[in-house]
Amino acid sequence: MSFFRSNIEQMGGYVPGEQPQGDKFIKLNTNENPYSCSPKVKAAIGHMIQRGLQKYPDPLATAFRIRAGEVLGCDPDWILCGNGSDDLLTIATRAFVEPGDRVRFANPSYVLYRTLAEIQGGQCDVVSYQPDWSLGPAFTAGDARLKLAYLANPNSPSGTALAPQQVAEIADALPCPLVVDEAYVDFADNHCISLVAENEKVLVTRSLSKSYALAGLRFGFLVGQPHMIEQLSKIKDSYNCDALSIAGATAAMDDQAWLTQNQATIRATRQRLFAQMQELGFASVASQANFIWNPHPTIAVEPLYHKLKESGVLVRYMNYPNWEDGLRISVGTDEQIDACITLLRAAM
Ligand SMILES: Cc1ncc(COP(=O)(O)O)c(C=O)c1O
């Protein structure tokens, strides 16, 4: 006898990238930032610990929303905070998708979208990227049962990004809300925040995990029009962000100089990694994110993943339906990338 809803029993469940604890591996598999966060973040968290944690946190993370609003140029009531941006993707899916509804996303893209849709009993409407990583008209095709679309921009695993104007056109054409998942946008040339004011259907999610080097803290936020935020807020856990994460995330937002410096470093290493992977013959894709997608036209890449792992370097081997497989390599430090390239060269 089963106690579970049938869609829960039938679904596979999301499997996150390997997270070995400790320092055994050079970890280039889940797009973490290789550098330690701003010292101001550590100080703010230390200060909060000194004050004590006996009280509940601010349910709306107001301090963060004020600071982020100043950085982004919007009022705090356009911002909803979450326990990582995954929490906000979950909230949006719960808000819009009922059993039998359709949820659209692209392939290859962030695998969690499928899981979130399946938890709701939604049906996945998967649109393949074109070979040049653009999206054709199928992504905006009308469908009465379509209730939500997700667009990772920059996308994972490709690291490619659609221009804001293209995203605006997609949002206009869709009959439903469009979550523009900007988890990696701080490494990109453009972002879509300005589209939120133009179109109530646009909901932009951001993460502090990658560009602020705070994957372990769990903090993200969503930008939407205030009437959308008001409805979405009803769904979140009362205290979905804890006091330490609110303090740390607010300090991170406060230190835009740290972000600017880190962005420049990651972009420079990304360029090196790209050039070296191309030299090794990979069909690497030019990236707007802190990772690079590397299929190879002639060599099987899965054995390379295993050989790297045996030598202590963890990258992500990814094999999507109807798409060539590849290695997704996060942009680490220059030393980490050099070690990875040396091992790859030897393995090939
Ligand atoms: C495309 C994309 N969106 C969202 C996330 C989730 O990030 P967070 O750590 O903020 O939950 C990830 C994490 O890898 C991602 O790749």
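**Close-up views of a predicted model**

**View 1. Ala61 lies in the loop between α2 (39–51) and α3.** Helices (H or I, at least four residues) and strands (E, at least two) are DSSP runs, numbered from the N terminus. The model is predicted: local features need pLDDT of at least 70, side-chain atom pairs count only at pLDDT 80 or more, and totals for chains, interfaces and linings use all residues. Residues are numbered from 1 along each chain as its sequence is written. Ala61 has a phi near 50 degrees, a positive value in a residue other than glycine. Ala61 is buried, because 28 other C-beta atoms lie within 10 Å (buried: 20 or more other C-beta atoms within 10 Å of its own; exposed: 12 or fewer; partly exposed: in between; C-beta atoms placed from the backbone). Thr62, in helix α3 (residues 62–72), has 14 C-beta neighbours inside 10 Å and therefore counts as partly exposed.

**View 2. Ala213 is in the loop between β7 (202–207) and β8 (220–223).** Its phi is near 60 degrees, again a positive value in a residue other than glycine. With 22 other C-beta atoms within 10 Å, Ala213 is buried.

**View 3. Helix α4 (residues 85–96) crosses helix α5 (residues 112–119) at roughly 40 degrees, with the axes coming within 10 Å.** Axes are lines fitted to C-alpha atoms, for helices over the stretch in contact, and angles run from 0 to 180 degrees between N-to-C directions. Asp86, Leu89, Thr90 and Thr93 of α4 and Leu112, Leu116 and Ala117 of α5 make the contact (C-beta atoms, placed from the backbone, within 7 Å). These residues divide into 4 nonpolar, 2 polar and 1 charged (nonpolar: Ala, Val, Leu, Ile, Met, Phe, Trp, Tyr, Cys and Pro; charged: Asp, Glu, Lys and Arg; polar: the others, Gly among them).

**View 4. The ligand is surrounded by 13 residues.** The closest are Gly84, Ser85, Asp86, Ser207 and Ser209. By class, the shell holds 4 nonpolar, 7 polar and 2 charged residues.

Key: Near = placed C-beta within 6 Å. Contact = placed C-beta atoms within 7 Å.
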